[in-house]
Amino acid sequence: MSEVSVVLADGRTVKTPEGTVEEILQRLNLNPYEFLAVCEGELLTADDVCKSGDVLKLTSIVHGG
């Protein structure tokens, strides 16, 4: 199985099957509107695909009113 390493906002790393950023966030029960996803220094969109061996770093978006 091809896996992507995901570095969560709290610093933990988990592995998940490859897919789009949106699919990966949904698998991890994370709201795609609350995180920025970066791979190889590039900001990704929800429809970008993460492939085997990629390291996806998630940063929590801080927002308020």
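The largest nonpolar core has 13 residues, and those with the most contacts inside it are Val6, Leu44, Cys50, Leu56 and Leu58. Strand E1 (3–7), H1, E4 and strand E7 (55–60) each contribute at least two residues to this core. Such a core is a set of buried Ala, Val, Leu, Ile, Met, Phe, Trp, Tyr and Cys residues joined through side-chain atoms within 4.5 Å, where buried means under 20% relative accessible area, exposed over 50% and partly exposed in between (1.4 Å probe, protein chains only). Helices (H or I, at least four residues) and strands (E, at least two) are DSSP runs, numbered from the N terminus.

The model is predicted: local features need pLDDT of at least 70 and side-chain atom pairs count only at pLDDT 80 or more, whereas totals for chains, interfaces and linings use all residues. Residues are numbered from 1 along each chain as its sequence is written, and side-chain values use heavy atoms, with hydrogens and water left out.

| Residue | Contacts |
|---|---|
| Glu34 | Thr59, Ser60 and Ile61 |

Glu34 is found in the loop between H1 and E4, and is partly exposed, with a relative accessible area of 35%. The C-alpha atoms of Glu34 and Thr59 are separated by 8.5 Å, although the two residues are 25 residues apart along the chain.

How values were computed:
Contact = heavy atoms within 4.5 Å. Lists of a residue's contacts leave out its neighbours within four places in sequence.
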